[in-house]
Every structure is written in C-alpha cells, then in structure tokens.
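The following exercises concern the structure shown below. Each begins with a task and continues with a worked solution in steps.

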2 protein chains.
Amino acid sequence: MVEAKMDRRVQKTRQALQNALIALILEKGYDSVMVQDILDRANVGRSTFYAHYQDKEDLLMGRFESLQKAFEAHFQIVIADREENNEKGTTVNLPLFMLRYVENEHQLFKALLGKQGSGKHAGHIQQFLLKYTRDIVKAYAQAPLSPHQFEIIAQYMTSAFLSLLVWWVDRDMPCSVEELNTFMMRLMEPGLKDVLEVSALWS
Amino acid sequence: MVEAKMDRRVQKTRQALQNALIALILEKGYDSVMVQDILDRANVGRSTFYAHYQDKEDLLMGRFESLQKAFEAHFQIVIADREENNEKGTTVNLPLFMLRYVENEHQLFKALLGKQGSGKHAGHIQQFLLKYTRDIVKAYAQAPLSPHQFEIIAQYMTSAFLSLLVWWVDRDMPCSVEELNTFMMRLMEPGLKDVLEVSALWS
DNA sequence: TTCGTTATCGAACATGATGTTTCGTTTCTT
DNA sequence: AAGAAACGAAACATCATGTTCGATAACGAA
C-alpha cells in the first residue's frame, strides 16, 4: 500500500466528495453539476477540493479505477481457463460475472454510463472493455479471421453487451441478472458461434 | 418552402460556419472547439454567429436535422412493405440503405458519432434510431414478447448496428459497405430470427 | 443605377464557472 | 501539549460564453 498512513480527514473528505458527485450526477446529469454543487453537498471547501483532485473528471475516475483491477483479474482467469481447457468451454461465465459486479455498484455505474453520465466516460469504459474483448476473441476463435472481421467481432461484442448493461442499469435493473444474461446470450451466441466456429462460448 | 427568399449572404454564412465546425471537430474534437475557432475559420463575426444559432450544438444539429427526414421516409417504406408482404421478407434492405447513406455524408457522421464527437450527439442519434427500431421489431416479430424482451431486442439491434457503423466511419470506411453489411448480418441475424421467430429479416 | 433594407463586422461589455492563492483555524499524530 | 498537516473562506485572476450597439457593406427591388 502506497497510501498506508493517511489522515482520517482526507479519506472522509474524498468519500464525501465522491458520494456527492455521484448523487448529483444522478439528479441533474454530469454536465450540469458544477464544482460548487459538489462542494456544498459535501461540505468541503474549494481549496480542499483542488488539493485532492484536478477537476470533476479526476474525482469520478478515481472512483472507477479501483474497480478496473477486479475486472482485469477476472479476465485473466477466463483467458487462462480457455487456453487450458481448449474448446471444451469454460467454467467461468464472464458476462454473468460482470452483470453481478455491476449490480453491486449500480449507483456508480449508472452515474458513469447512464443517460445522466458524460458520454466521455462511457467511451472510456468501452475502450477499456474492448481491449479485453479482443483478447477473448483471440483466445476463443477457431476460424481464420481477417483483421477487419476480427475488429468487427470485438466491437460488436463489446458494444452490444455494454449497451444492454447500460439499458439495464439505467432503468434500475428491471429484470434479474439471469434473465438478462439468458436473453442476451440467445441473441448473440448463435451468430458468434458461427463466425468464430466454436461449439461453446460461455456454457 | 418557408425559406424561399433568403439573402445570399445568410446561406453563405451558414454554410461556412457548418463546414468550419465539422472540420474543426475532426481536427481537435468537439469539446475543444471554441466558438472563436469557428468564427476565425469561417471568417464570420461574433454577433453574426449568435444571430443565426444559439450555440455550437444548435449549429451542428441544424445540419443533422435535414438528414432525419430522409431516414424517416425510408423507415416508413420498410414498415409498410413488411406489413403488406407479411412474413415474406421485404424488398428493401434497411441496414444496407443506411450504410450507403452514411457513406455519402461520412464527414458529417464522423464528426457527429466518431471519437471526436461529443457523445451527447451520439446518444441523441441513438435515441432517434431506437424509436424506429421499436417499430421495426413490432412489425416483424411473430413471437410473443414480454415488454422487457421487446425493449432488449430494440436496444440490442440499435446499438449493435450503430456501434459497427461508428467503427466503420471513424476509421474512414476500411471495407466496403457490402462487406460490412454481410458480416454484420452473419453476426446478428441468427439470434434475431430465433428470438423473433421469423424466417427472413432483410433478405 | 439608385435607394431603402438587411446582414455583417468588430469592439466593448456583462456573466458565470474554473482554478489559484493566502491566511487563519481546526484537527490529527506522536 | 506541540508541531505538522488538513481544512475553510474569501479574494483573485482567467477564460469562454453570450449580448449589445453603431458603423459599414452587400443585397434586392424599382
């Protein structure tokens, strides 16, 4: 831990600021949230804010970056699992895992990705996911794919999944994780199996 | 025509402003384009700009709104065609039509939807498309669908299509319209046919 | 071509949000 | 209890936005 010793105050301040920002985003939308709003809501002074963060974006992203680690770790498990049990399918259902994960932090993800979000952050997250989706396609594909086809598949998987996830979170999860996952798989699996020439995807 | 009599100057000014904005978006990204940049590029005075448009967004959207008409007209044709030749498939391939359309105006769409775009506009366009996708699902579906399933399908179709379109435009169309359309259909058609219980979608 | 009309320019101005600085005060740590 | 670190509040500089206004130039109709 780099930040082992930390004044109780800074953690309290950071927490208050992050919570205030997320709440305000959900209320009035990212673009409408002024720094002053965050300060008032969190009862934090102006100079204190800028002592901790560069700007609004820095504040929001700091919250998100800690979550990236968890995703990365799980991605690695899936990839390794696939490479060992080649073509036999995997024991880990990645989309389902991600849906559950998002459900736990739905407020944050709604603020980041939902209608009230900034669009810039949504794009950032999509790029983040895309990077790992490419690895998955690479690990799974049995068919020879042209560079274009490869990229199209990765783009398609990422954004189709992400858009349904956003729809789901933005409406405060109107159906169960399993229901969403099952239907999503019904939509996407046949085409992917055909194109990748695999028999199982996330059994 | 409402705008029959128009001073030559206004049309020239508007054209210059729109072109300047699109060029600048592609160069430095929507958020980085200041009003002053547009003014300098288009050789237009500050007061003149605000005499024509409320702000940057107004300028960009004005350019887009004229295109909406064309889409709407074509959507109606597809829907009507489907309702007449029920289940026999249609003579009009809507995705292909849209891809061709975008190809013609690729600069505008790249500025609106691409990496350099604003995200806000991309969301706006997605909502616009979603509205019509719902009608298509409604017209095509043979299977009984729960409200959630219906919405999921519409969301999925819209964003999967749109994201591939954005990928394609943002990279200056690295493959032909037909190639993209064919591969996209290979990915999406099987799942959609299954869920909607139809035998043909856009044959 | 002329004349009234209308668009444009440019400069000045008001506004509002951002980010910085300073200093006195509070609250941690030891 | 004492030194160190964080905090709040207010003042300040900066920058982009959007408005106002009078002078100039281009337009359309007669």
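**Exercise 1: The DNA strands**

By class, the surface near DNA strand D is made up of six nonpolar, seven polar and eight charged residues. Here Ala, Val, Leu, Ile, Met, Phe, Trp, Tyr, Cys and Pro count as nonpolar, Asp, Glu, Lys and Arg as charged, and the others, Gly among them, as polar. The model is predicted: local features need pLDDT of at least 70, side-chain atom pairs count only at pLDDT 80 or more, and totals for chains, interfaces and linings use all residues. Residues are numbered from 1 along each chain as its sequence is written, while chains are lettered from A and ligands numbered from 1 in the order in which they are written.

Task: Determine which residues are closest to DNA strand D and which come nearest to DNA strand C.

Solution. 

Step 1. A residue is near a strand if its C-beta atom, placed from the backbone, lies within 6 Å of it. DNA strand D is surrounded by 21 residues, of which A:Thr13, A:Gly45, A:Ser47, A:Thr48 and B:Ser47 are the closest.

Step 2. Helices (H or I, at least four residues) and strands (E, at least two) are DSSP runs, numbered from the N terminus. At least two residues of the surface near DNA strand D come from each of helix H1 (8-28) and helix H3 (46-52) of chain A, and from each of helix H1 (8-28), helix H2 (35-42) and helix H3 (46-52) of chain B. The largest share, four residues, is that of H3(A).

Step 3. Around DNA strand C there are 22 residues, and A:Ser47, B:Thr13, B:Gly45, B:Ser47 and B:Thr48 come nearest. Two or more residues are given by H1, helix H2 (35-42) and H3 of chain A and by H1 and H3 of chain B. For DNA strand C the largest share, four residues, is supplied by H3(B). By class, this surface has six nonpolar, seven polar and nine charged residues.

**Exercise 2: The two chains**

Task: State by what turn and shift chain B can be laid on chain A, and describe where chain B touches chain A.

Solution. 

Step 1. Two copies of a chain are related by a rotation about an axis and a shift along it. Copies are superposed by least squares on the C-alpha atoms of residues with pLDDT of at least 70 in both.

Step 2. Residues are in contact if their C-beta atoms, placed from the backbone, lie within 7 Å. In chain B, 27 residues are in contact with 27 residues of chain A. Helix H7 (120-140), helix H8 (147-170) and helix H9 (177-196) of chain B each give two or more residues to this side. By class, the side has 14 nonpolar, nine polar and four charged residues.

Step 3. The copies meet through the same surface, because 100% of the interface residues of chain B are also interface residues in chain A.

**Exercise 3: Helix packing in chain B**

Task: Classify how H8(B) lies relative to H9(B), and H7(B) relative to H8(B).

Solution. 

Step 1. Axes are lines fitted to C-alpha atoms, for helices over the stretch in contact, and angles run from 0 to 180 degrees between N-to-C directions. Angles under 35 degrees count as roughly parallel, over 145 as roughly antiparallel, 65 to 115 as roughly perpendicular and the rest as oblique.

Step 2. The axes of H8(B) and H9(B) cross at roughly 170 degrees and come within 12 Å. H8(B) is therefore roughly antiparallel to H9(B). B:Ile153, B:Ala160, B:Leu164 and B:Trp168 in H8(B) meet B:Leu180, B:Met184, B:Met188 and B:Val195 in H9(B). The residues of this contact are eight nonpolar, no polar and no charged.

Step 3. The axes of H7(B) and H8(B) come within 9 Å, crossing at roughly 125 degrees. H7(B) is therefore oblique to H8(B). Among the residues in this contact are B:Leu129 and B:Val137 of H7(B) and B:Phe150 and B:Leu162 of H8(B). The contact divides into eight nonpolar, five polar and one charged residues.

How values were computed:
Contact = placed C-beta atoms within 7 Å.
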